[in-house]
Amino acid sequence: MLQEMMSFIRTYVVPEGFPHSVTPSYVPYMTWRALKHFFGGAMGVFTTKALLSSVGASESKAISGAVAINWILKDGAGRVGKMLFARQGKKFDYDLKQMRFAGDLLMELGAGVELATAAVPHLFLPLACAANVAKNVAAVTSTSTRTPIYKAFAKGENIGDVTAKGECVGNLADLLGTGLSIMITKRNPSMVASFALLSCAYVFSSFQEVKSVVLHTLNRARFSVAVDSFLKTGRVPSLQEGNMKENIFSFPWLKERLVLGPRFKDAFQDPSAYLAIEPLFEKERYIVTYNPSKDQVYALLKDQAKPDDILKAAFHAHVLLHFIHLSIDSHSSSWKQRPVGHSNHILSANDLEARIADSCKMVSTLYGPFKSKAAEQGWRMSDSLLNPGRARIVETC
């Protein structure tokens, strides 16, 4: 009887042929996903209670028409936010993990704002609208990143089965969390303390969920890990190692050290600087330069650049930046430890040209071995997600 019950449950929560039909990272991902939804469902009870309390649904003096209008406006604002955020489009592919985790953080922010409506009920409508916008944007992120993640787990043509079982696990965990939270609220615990505890557990589960995903493609974060390891040790990290070391904290206000596909005027303040290094890249479909004042490397792409040229340009940019920082501070164990924009030495034009020339020699000998070793580790080199800018250098005859 017990065996039959377990077999019945398995048909709802694991794909057919499990565990051979999915990759090894499926189990840790679904474990953390279940915990995340469990804590999310539990938080939902507290936020819903706060919303109902602040809108006056529990008070006899509340006017049902006004309550309905407020609720409709709240949901309408959320839908508008969802549509506006959908324009991010391809970024969901380029920075899948970063966007997924950012979406969960945004979901937490929205839940926190909903909880705040209980403290200031007269501000219900603006707070509820803001919260719903945040939560709907988070929902777009979750929906947009769901399929690529499940695709990474499917070993065959079973992505539909993997998706269905994954969603079932999430919904089941959500229901269990909701049920537990209802039991807890009957004892009238501190709403703020309970929410804070559940919120921390939710964010931690979300972080571990995202970190457990193993992707084969190289986006900027994973590419940086791979190149940095190769330059320091001569080896390319495995898929598991590269994904674990990937930085998933992506903040738009932080300046990037490497700009791929910038506009010409951003990379070169002086046309003479371009003319000085242009011959070094005559046979390449890109040009790499460095701005000491901004501590940034720019990899400009020519209009004939193909995917492999973009990959090589990014590799060259990492080599140049690594090379420059090692030469600037020989005592630094890693240029990544230096704060952005910090430079205690300004390279002269001649020094910069010499270092760019040296980087060209290094890349000519290192790029081939890097690609070979990366392919041996299972990285998909033909389909990178480096998200270059749209600007291209158009060469005239």
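1. Lys302 sits in the loop between β3 (296-301) and α13 (307-328), where helices (H or I, at least four residues) and strands (E, at least two) are DSSP runs numbered from the N terminus. This is a predicted model, in which local features need pLDDT of at least 70, side-chain atom pairs count only at pLDDT 80 or more, and totals for chains, interfaces and linings use all residues. Residues are numbered from 1 along each chain as its sequence is written, and side-chain values use heavy atoms, with hydrogens and water left out.

2. Lys302 is buried, with a relative accessible area of 1% (buried means under 20%, exposed over 50%, partly exposed in between, with a 1.4 Å probe and protein chains only). A polar atom of the Lys302 side chain lies 2.9 Å from the backbone oxygen of Phe281. Residues up to four places away in sequence aside, Lys302 touches, among others, Phe281, Glu282, Glu284, Arg392 and Glu395, contact being heavy atoms within 4.5 Å.

3. Gln296, in strand β3, also counts as buried, at 8% relative accessibility. Its side chain makes a polar contact with the side chain of Tyr298 (3.0 Å); such a contact is a pair of N or O atoms within 3.5 Å, where within protein one must be able to donate a hydrogen and the other to accept it, and residues adjacent in sequence count only if both atoms are side-chain atoms. Beyond its neighbours within four places in sequence, Gln296 is in contact with residues including Lys255, Glu256, Arg257 and Thr289.
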